[in-house]
Amino acid sequence: MESAVLENDFRKDVWTRTTTRPDYTVKAQAPAGWRLTAYERPHLKNQLIRRHIRGISAEIYFIDRIRSARELLRTAAGKKQAEELSREFQTHATKWQSDVRFISSVADMVLHPSYLRIIGMGPPVVPLLLKELQKEPAHWFQALEAITGHNPVEETDRGRVGRMTQRWLDWAKAQHIS
Amino acid sequence: MDRFWWPVSQYYWPPGFPLDLTIENFVAVFGTFGYQPCISLTLEEGFEKVVIYIRQGKPTHMARQLANGQWTSKLGSSWDIEHKSPLGLEGQEYGNFSTVLRRPIPQPAPVP
């Protein structure tokens, strides 16, 4: 299902890691200026290789989890699981929206037990959160950031709920999640 | 004000102030708008006032005094209400009001 190949172009001394999945491929090159030969400083080079691979892994980990969930939806067991997830999500989302409608503190909103439970559901719940945002902009941004590790909201858009929503929806589209 | 202010990531908080949920941080930010701590809740001519509510030491809500002496609060994202006193909102949701701040009402520039 998955393959990762680390190649070294010895003429240019450039490392490339190609990760292949059923539906996409990530090809990443080592940072510019990384031109140490294996004989000169092998320990440093190995350390850089490890760090670089870890970096790529972190980047694709989250998207992988969402896509795995999507794959799962195609099976009967997966559909049942997805229905349960969706039902649990809706229960908590409705309770959260009802309980925090008079709350001013973002900290209090995100510390609500239902909000924390939704974060705890992990990456499979991201498409549901995005759907909720599409329906009605609400304070789901902290949950999305906590689950995905991303924050696509630019400095100039902070606090503008409409624009924050649009930034997240654009980010999801770019990641082929929406 | 079309922005949601709060000291957490993704929300607006003025540059140069930490993302700390402390009363000192809120008072410092209000200070940039000319607000200074005071002790009285009563209407004072020439001043406008705000109060900060805290629960377990953390700011939860703010209310602003209107020219008629009543107070106005935004509950959540879309509910604007008026109340007679800051005490009216004390309770489980917002905790208690802890700090009163005031600033001179900006006077319009004289017409030359």
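Predicted model: local features only at pLDDT ≥ 70, side-chain atom pairs only at ≥ 80, totals over all residues.
Residues count from 1 along each chain as its sequence is written, with chains lettered from A. Local features here need pLDDT of at least 70, side-chain atom pairs count only at pLDDT 80 or more, and hydrogens and water are left out.

So, how many salt bridges does the structure hold over all chains? There are 11, each being a side-chain nitrogen of Lys or Arg within 4 Å of a carboxyl oxygen of Asp or Glu.

Let's start in helix 5 of chain A, where A:Lys135 and A:Glu132 sit 3 residues apart, about one turn of the helix. Helices are DSSP runs of H or I with at least four residues, and strands are runs of E with at least two. The closest N and O atoms of this pair are 3.2 Å apart. Is A:Glu132 buried or exposed? A:Glu132 is buried at 7% relative accessible area, while A:Lys135 is exposed at 61%. Buried means under 20%, exposed over 50%, and partly exposed in between, using a 1.4 Å probe and protein chains only.

Now over to chain B, where B:Glu44 and B:Arg102 form a salt bridge at 2.5 Å, N to O. This one links distant parts of the chain, 58 residues apart: B:Glu44 is in the loop between strands 1 and 2, and B:Arg102 is in strand 6. Both are partly exposed, B:Glu44 at 24% and B:Arg102 at 26%.

Back in chain A, salt bridges with shared partners join A:Asp157, A:Arg163, A:Arg167 and A:Asp170 into one network. Within it, A:Arg167 and A:Asp170 meet at 3.9 Å, N to O.
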